[in-house]
There are 2 protein chains.
Amino acid sequence: MGPPGAQRAQYAAFARLDPAIRQAQSPDRKLSLVRTQVDLAITSPSPARLSKASVDGGAREFSATVAELKALCASDLNDVNATIMVALKSQSSMIAEIGGHLINAGGKRLRPLLTLAAARMCDCANDDHIRLAAAVELIHGATLLHDDVVDASSLRRGASTANVIWGNKESVLVGDFLFSQAFELMVAAGDLRVLQILSRAAGVIAEGEVLQLATQKNLEATFEMYLAVVESKTAALFAAAAQAGAVIAGADARCEEALRSFGRNLGVAYQLIDDALDYAGRENALGKSVGDDFREGKMTLPVVYAFDRATEADRGFWRRTIAEGSQQAGDFEQARKLIISTRALDDTIACAKRYAARAVEDLARAPQNTFTKALADLAVFSASRIS
Amino acid sequence: MGPPGAQRAQYAAFARLDPAIRQAQSPDRKLSLVRTQVDLAITSPSPARLSKASVDGGAREFSATVAELKALCASDLNDVNATIMVALKSQSSMIAEIGGHLINAGGKRLRPLLTLAAARMCDCANDDHIRLAAAVELIHGATLLHDDVVDASSLRRGASTANVIWGNKESVLVGDFLFSQAFELMVAAGDLRVLQILSRAAGVIAEGEVLQLATQKNLEATFEMYLAVVESKTAALFAAAAQAGAVIAGADARCEEALRSFGRNLGVAYQLIDDALDYAGRENALGKSVGDDFREGKMTLPVVYAFDRATEADRGFWRRTIAEGSQQAGDFEQARKLIISTRALDDTIACAKRYAARAVEDLARAPQNTFTKALADLAVFSASRIS
């Protein structure tokens with residue numbers, strides 16, 4: 001179970017290089033340091049571990065890399081937002097309300113930014129990437145609405161979830177509406193290959209959510225099962241978003257594949273950190289409830305590792321709280337303690353860094369310009385974010 | 001409120017002609033009688049009303065017309081079923097189970113039959129209509145799964161609903177999966193206009209469901225509001241299914257529009273009878289619970305008419321049971337009694353017949369062949385079915 005020990009520890013070098021990357025002013029210098037970091041990460045034989053401090057230190061940097069990417073794509077992103085607003089127009093005021101609540105209240109716009117940056121990196125010639133980026137965000141919004149119903153979540157991005165404000169029924173139906181609007185935008189972009197890529201991703205996401213439901217409360221879940229869920233429910237849309245940008249810009253097969261792989265690896269890294277933060281995060285910084293995964297009995301990597309490494313007594317704790325779902329006051333704190341003491345948290349983060357490094361490597365096969373650099377930064381800091 | 005009185009009663013002629021149409025052996029004779037019936041229906045000035053008996057009498061005939069259509073499209077329908085089975089294959093056994101439960105357990109396959117018959121009527125040259133018909137059934141299946149969650153239904157086609165057997169979460173996610181598989185099939189068919197037509201329909205369906213939720217328990221709902229819901233949640237997919245068949249077969253604009261309008265009018269007629277049957281139907285024949293709409297406080301046409309025509313005392317009954325949702329034993333029987341005594345049921349059925357007649361008229365603008373005749377029969381008897 002889990003990645004081999006050597007790989008698991010190999011990315012300690014990231015922690016040491018992070019400050020230098022943060023301080024580097026020129027994008028070229030930054031990229032060169034990122035590459036050094038990746039080389040180190042790939043070759044480093046020392047089993048050193050990442051400290052939690054290095055994770056916290058990455059907070060501002062991740063926000064800064066997202067902001068940098070948004071600045072690079074500012075005009076496109078405005079157009080994407082306008083396109084989404086038009087797509088949310090409806091006879092039903094409830095659709096506009098729920099859609100607006102979800103789409104406008106915060107949200108990093110990470111996925112549409114991947115589409116925009118990929119398209120710009122590959123010199124897109126028209127406005128179709130705007131429609132595709134908007135479609136990607138609408139697909140994401142639809143899955144969030146349905147996820148929050150499925151997970152009975154109450155807090156997202158620091159605000160109450162739609163299912164709490166408007167009800168589950170409304171969230172299911174408005175999710176369906178967003179999904180259909182996404183398809184209309186994709187159809188309007190008029191590229192059958194892109195349609196194929198994004199509709200496949202939508203299917204894989206739904207499959208991943210069903211798989212996740214099936215592994216819930218199942219302490220037998222392995223690293224491989226966990227990874228299959230993450231690749232489907234999160235990485236598939238990141239991959240499709242980046243690939244769609246490349247395809248619509250007419251990129252060649254090598255570049256298209258590089259961006260697809262970049263999106264996939266970034267998506268896995270991003271979800272691994274999300275799952276780590278559900279135990280290690282601070283509620284305010286995160287803008288969503290901490291401990292949701294624990295309460296739902298989700299078999300995320302921190303629990304997979306912690307259970308695997310637990311004493312027989314601690315296994316009893318996990319069986320009661322996760323498998324039997326019988327939880328009481330103080331259990332979440334105990335779970336957090338066990339996840340830290342077994343180094344399950346550190347190793348989850350190390351695994352995220354491994355995927356982030358792969359994402360940066362993928363970019364070597366893409367055109368080299370400011371968009372590439374911004375995406376590389378995004379990947380590096382996605383594995384050291386705290387929100 | 002409601003259609004003008006003259007129109008409302010105009011279709012009594014249908015009831016008188018039905019037996020002759022049923023007995024006619026040759027399709028030509030049948031079509032000619034249908035046309036006579038439509039002419040009568042359009043011109044009949046007498047305010048006669050339809051009897052409930054004529055509705056019951058139509059039961060076998062509707063099944064027979066569906067069977068006739070299935071026989072005409074037998075080979076295509078086999079291919080559609082095989083295509084659906086492939087689309088339901090998944091890593092997740094739950095998807096295959098739920099999908100199979102929904103798609104295989106009964107179901108008239110009305111919507112895919114519209115696509116197949118329209119395509120064959122217009123001499124389609126390849127197999128793309130198979131994929132589109134399968135996609136149409138998958139979209140329908142996805143909306144059924146989500147509807148049953150939204151309506152908290154427990155019985156459909158004589159079997160327990162998926163939300164009862166597997167749970168609401170599972171139904172939401174598997175519905176999303178079916179939806180995405182539908183899009184993949186549409187993309188595989190490779191016609192952007194068809195994609196545009198069907199993705200628009202999916203959006204309109206979701207909008208219609210949200211609108212229906214908003215009119216629920218609202219006794220102010222008018223005939224026009226009711227019709228807007230029915231046109232969106234039901235007729236839009238019937239219309240798109242028939243139109244998609246025409247487009248993929250390369251039909252001209254006039255024929256395409258005729259089939260779209262046919263589908264729309266048939267869909268409205270079909271839903272009107274569905275809503276009548278929720279009060280007038282017999283649970284066994286219907287294969288779904290009678291009284292669901294009443295329990296949910298849905299403002300279907302029988303209630304819209306009955307409330308409009310109610311005495312002040314009876315209005316109190318509707319306010320308590322529908323607006324306040326406070327229901328007790330015997331209330332459904334009382335509601336049924338009021339709907340019959342105010343002729344709300346008769347007029348709902350008359351309205352269905354008017355739409356069925358329009359559907360038959362639409363077919364005059366399409367090619368005339370055996371498929372056209374079968375669709376005309378389907379429309380006529382859709383308004384006199386009991387299941």
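Predicted model: local features only at pLDDT ≥ 70, side-chain atom pairs only at ≥ 80, totals over all residues.
Colleague: How do you know that the two copies are related as by a two-fold rotation axis?

Modeller: Chain B can be laid on chain A by a turn of 180° with a shift of 0.0 Å along the axis, and the RMSD is 0.0 Å. The copies are thus related as by a two-fold rotation axis.

Colleague: What makes you say that the copies meet through the same surface?

Modeller: Of the interface residues of chain B, 100% are also interface residues in chain A, so the same surface is used by the copies. The contact takes 36 residues from chain B and 36 residues from chain A. On the side of chain B that touches chain A, H12(B) gives the largest share, 14 residues. That side divides into 19 nonpolar, 10 polar and seven charged residues.

Colleague: Let's turn to H12 of chain A. Why is H12(A) called largely enclosed?

Modeller: A residue is buried if 20 or more other C-beta atoms lie within 10 Å of its own. In H12(A), 21 of the 26 residues are buried, so the rest of the structure largely encloses this helix.

Colleague: How does the reach of H12(A) compare with the span expected at 1.5 Å a residue?

Modeller: Helix H12(A), residues 223–248, reaches 35 Å from its first C-alpha to its last, close to the expected 38 Å.

Colleague: Where is the kink in H12(A) centred?

Modeller: On A:Ala235, with a kink of about 50°. After the helix comes A:Gly250, with a positive phi near 75°.

Terms used
Residues numbered from 1 in each chain as written. Chains lettered and ligands numbered in written order. Least-squares fit on C-alpha atoms with pLDDT ≥ 70 in both. Contact = placed C-beta atoms within 7 Å. Helix = DSSP H or I, 4+ residues; strand = E, 2+ residues; numbered from the N terminus. Nonpolar A, V, L, I, M, F, W, Y, C, P; charged D, E, K, R; others polar. Expected span 1.5 Å × (residues − 1). Bend = angle between axes of the 7 residues up to and from the residue. Buried ≥ 20, exposed ≤ 12 C-beta atoms within 10 Å, placed from the backbone.
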